[in-house]
Amino acid sequence: MQAPRGTFDVLPEDAERRQVVEGHVRRILGAAGYRRIETPTFEATELFSRGVGEATDIVRKEMYTFDDGGGRSVTLRPEGTAPVCRAYIEHGMHKLPQPVKLWYLGSFYRREAPQRGRYRQFWQVGAEVIGSAEAATDAELILLLAELLEALGVRETRLRLSSLGTPETRAEYREELKQYLRAHEGRLSGEVRERIDINPMRAFDSGDPGTREVMAGAPTLLARLSGEDAEHFAQVRAMLDDADLRYELDPTLVRGLDYYTRTVFEFTSDALGAQSGVGGGGRYDRLMEQLEGPPTPASGWAAGIERMLLATGELPTAPDLVDLYVAIADQSAARRAFELARDARRAGLGAQLELAGRSLKGQLKQAGRLRSRYVAIIGAESEISLKDMESGDQRKLHPAAVIPTILRGSRLS
Ligand code: ATP
Ligand code: MG
């Protein structure tokens, strides 16, 4: 049997690399005051249809939706922002000192055509700052993601940046864009033409040559921002400039989610193929109201763990340390060996016991493979031989002296 299409197993070596990623996430976001939150893997379907938007690809065709057995429709979470906002509202977090800074790391589910870097179950790390409209919040979030990508050695990254203004400016602009698209309908791809009314902004994302030509002359939202929105965006840019973070202004940047306002951004990696998006996000000042919470400005991002790992070079992983390998030289010693391994672990040492019935030579080889610091060889007699694998020295010890000797870390010469 095989894992379902678009899913994969995280084998121990992969799990170790992921743990390194998580370590950097904890360090970088923790230092900036973000705290971890985890939400359920499934939610009421309505949360996503409202919180992500009916017109988005995610809601239109990518969700795993099913009946919970009691007549209620639930959906495997396709993204993390709407659930985090739901939790913020449900737990009255608006009563906490604002803003509330959160991060999450978990698996998400989208019915997509599986390919390299695109799966049906994938992992995202995300950060959200809820309760601040400041430009500094957006700049901080962007810089933290940049720092994470750098710490992980994600290669050839590029940052695209834009602003979508407020929903009102956007609505006006959408009308202008629709008119423009209708005026050039004949040169647009069928898919774009069909969606002029539902989601005209997506036309900027099209790979169709005719559509791309039309879009090159299209009016941009960035040129239509109101005074306050333009000022907010100028502040974000100034802070990124001060931090020497390079970005490309991209007025065609359209994020897949409907709820964004003002700042939007995306990091891509040229080291990836077609699936070049590593992580992105933006400000979503109106989402909380859409979910019937108190009006609360917010901003955040999500980054794909698999994409980051694909785009990084060698990620040094540290295998768990083995301080002691307990070798069995005579079957009569099996219980004493078991006990020594147990005592060593209780004393805080990394200890492994021979479990495969190898010859003594085979056991020493196995200890070497595990890069164990010491090997205790237990035979029929009561004394135990302790071998220092670094110096090669070996010494006979009273059983009670083995663990203290290792803890002292003294050489056995
Ligand atoms: P794409 O344009 O590649 O479909 P997206 O805009 O749908 O990405 P987001 O919703 O912004 O992606 O999710 C944030 C990040 O999650 C992406 O940048 C990517 O790294 C990762 N991601 C999204 N969908 C998948 C998937 N199906 N498999 C693996 N990673 C994914
Ligand atoms: Mg997508």
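Guide: Domain bounds come from an automatic or database domain assignment. The model is a predicted one.

Visitor: Which residues does the domain assignment give to domain 3?
Guide: The assignment gives the protein a domain 1, written as two stretches, 12-165 + 239-312. Domain 2 covers 167-220. That leaves domain 3, with residues 324-408.

Visitor: How many residues of domain 2 are in contact with domain 1?
Guide: The centres of domain 1 and domain 2, taken over C-alpha atoms, lie 26 Å apart. On the domain 1 side, 15 residues take part in the contact. On the domain 2 side, the number is 12.

Visitor: What share of the area buried between domain 1 and domain 2 comes from carbon and sulfur atoms?
Guide: Between domain 1 and domain 2, about 1,200 Å² is buried. Carbon and sulfur atoms give 51%.

Visitor: Which residue of β4 stands opposite Phe66?
Guide: Strand β3 runs antiparallel to β4 (residues 73-76), and 3 bridges join them. Across from Phe66 stands Val74.

Visitor: What is the average twist in the sheet of 5 strands?
Guide: Its strands follow the order β13-β12-β14-β15-β16, in an open sheet with mixed pairing. The edges are β13 (351-353) and β16 (394-397). From one strand to the next, the twist averages 25°.

Visitor: What angle does the direction of helix α12 make with that of β13?
Guide: Helix α12 (residues 334-346) packs on this sheet. The helix touches β12, β13, β14 and β15 (384-388). Its direction and that of β13 make about 165°.

Visitor: Is Ser372 buried or exposed?
Guide: Ser372 sits in the loop between α13 (360-369) and β14 (374-378). Its relative accessibility is 4%. The cut-off for buried is under 20%. Ser372 has 4%, so it counts as buried.

Visitor: Which residue's backbone oxygen does the side chain of Ser372 reach?
Guide: Leaving out residues up to four places away in sequence, Ser372 touches Val322, Asp323, Leu324, Tyr325, Ala367 and Met389. The side chain also reaches a backbone oxygen, at 2.9 Å. That oxygen belongs to Tyr374.

Terms used:
Residues are numbered from 1 along each chain as its sequence is written. Chains are lettered from A and ligands numbered from 1 in the order in which they are written. This is a predicted model: local features need pLDDT of at least 70, side-chain atom pairs count only at pLDDT 80 or more; totals for chains, interfaces and linings use all residues. Side-chain values use heavy atoms; hydrogens and water are left out. Helices (H or I, at least four residues) and strands (E, at least two) are DSSP runs, numbered from the N terminus. Buried means under 20% relative accessible area, exposed over 50%, partly exposed in between (1.4 Å probe, protein chains only). A polar contact is a pair of N or O atoms within 3.5 Å; within protein, one must be able to donate a hydrogen and the other to accept it, and residues adjacent in sequence count only if both atoms are side-chain atoms. Contact means heavy atoms within 4.5 Å. Two strands pair if DSSP finds at least two bridges between them. Buried area is the accessible area (1.4 Å probe) that two parts lose on being put together, summed over both. Axes are lines fitted to C-alpha atoms, for helices over the stretch in contact, and angles run from 0 to 180 degrees between N-to-C directions.
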